[in-house]
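Hi,

Here is the structure I promised to pass on. Have a look, and my notes follow below.

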Amino acid sequence: MRFTLKDNLFIALALIIMAGLFYSSSQPYGEQSLTGVLDTLLAKEPLKDVLSHIHFNYAGGEVSIAAQGYSSFVEFFIRKLAHFGIYFLLGLCWFLGLKNKMTSIGLAAFVAWLLASGYAAFDEFHQSITPDRTPLMEDVILDATGALTSILLALVFFLFISKKKQTKQSFK
């Protein structure tokens, strides 16, 4: 096993992301709402004809333009993309920080996913004690999926690089 400054920087970045998530979860929904900005930016409701055909249930509520209004509908997707994206980065940072500190790359991937997913569950619990916030198991699943996606992509990348190095060495 080798330890590098880069490993520690990825772990520090993961901790910074977690601190940012904690701060964000401490704010009531009203302070984070994007609907006012979206009302201005999307006043002409671009693609409304196409988007109005989209409707589904999420956490027991209907997600559609008819049920939520145009700006809230768009904000829903921005928020869910942010959930997926930030946990994608968190999982990746944990994996990159741990891959040289663990006995195997597979163990590093598993621990990174547990750390990111466990924090997603903690974050939703934190929202349950924050005014005007709603904790959702569906968000934990979305967050865990974001983390798993980045970890699997990184794992495939590192296994591919490792295989490529082995192939080059066997030709020498």
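Helix H6 gives the most to the lining of the largest pocket, with ten residues. Before going further, please note that this is a predicted model, in which local features need pLDDT of at least 70, side-chain atom pairs count only at pLDDT 80 or more, and totals for chains, interfaces and linings use all residues. Residues are numbered from 1 along each chain as its sequence is written, and side-chain values use heavy atoms, with hydrogens and water left out.

The pocket has a volume of about 720 Å³. Of its 30 lining residues, Arg79, Lys80, His83, Arg133 and Asp139 are the closest to the centre. Helix H1 (5-25), helix H2 (29-32), strand S2 (61-64), H6 and H7 each give two or more residues to this lining. By class, the lining has twelve nonpolar, nine polar and nine charged residues (Ala, Val, Leu, Ile, Met, Phe, Trp, Tyr, Cys and Pro count as nonpolar, Asp, Glu, Lys and Arg as charged, the others, Gly among them, as polar).

Now to the helix pair. H6 (residues 70-98) and H7 (residues 105-128) pack at an angle of about 140°, their axes 8 Å apart. They are therefore oblique to each other (angles under 35 degrees count as roughly parallel, over 145 as roughly antiparallel, 65 to 115 as roughly perpendicular and the rest as oblique). Residues in the contact (heavy atoms within 4.5 Å) include His83, Tyr87 and Trp94 of H6 and Ala112, Tyr119 and Glu124 of H7. The contact residues divide into 14 nonpolar, two polar and two charged.

Best wishes

Terms used
Axes fitted to C-alpha atoms, helices over the stretch in contact; angles between N-to-C directions. Helix = DSSP H or I, 4+ residues; strand = E, 2+ residues; numbered from the N terminus. 1 Å grid on protein atoms, 1.4 Å probe; cavity = no way out; pocket = protein on both sides within 12 Å on 5 of 7 lines; lining within 4 Å. Points joined across faces, edges and corners; volume = space filled by probe spheres on them.
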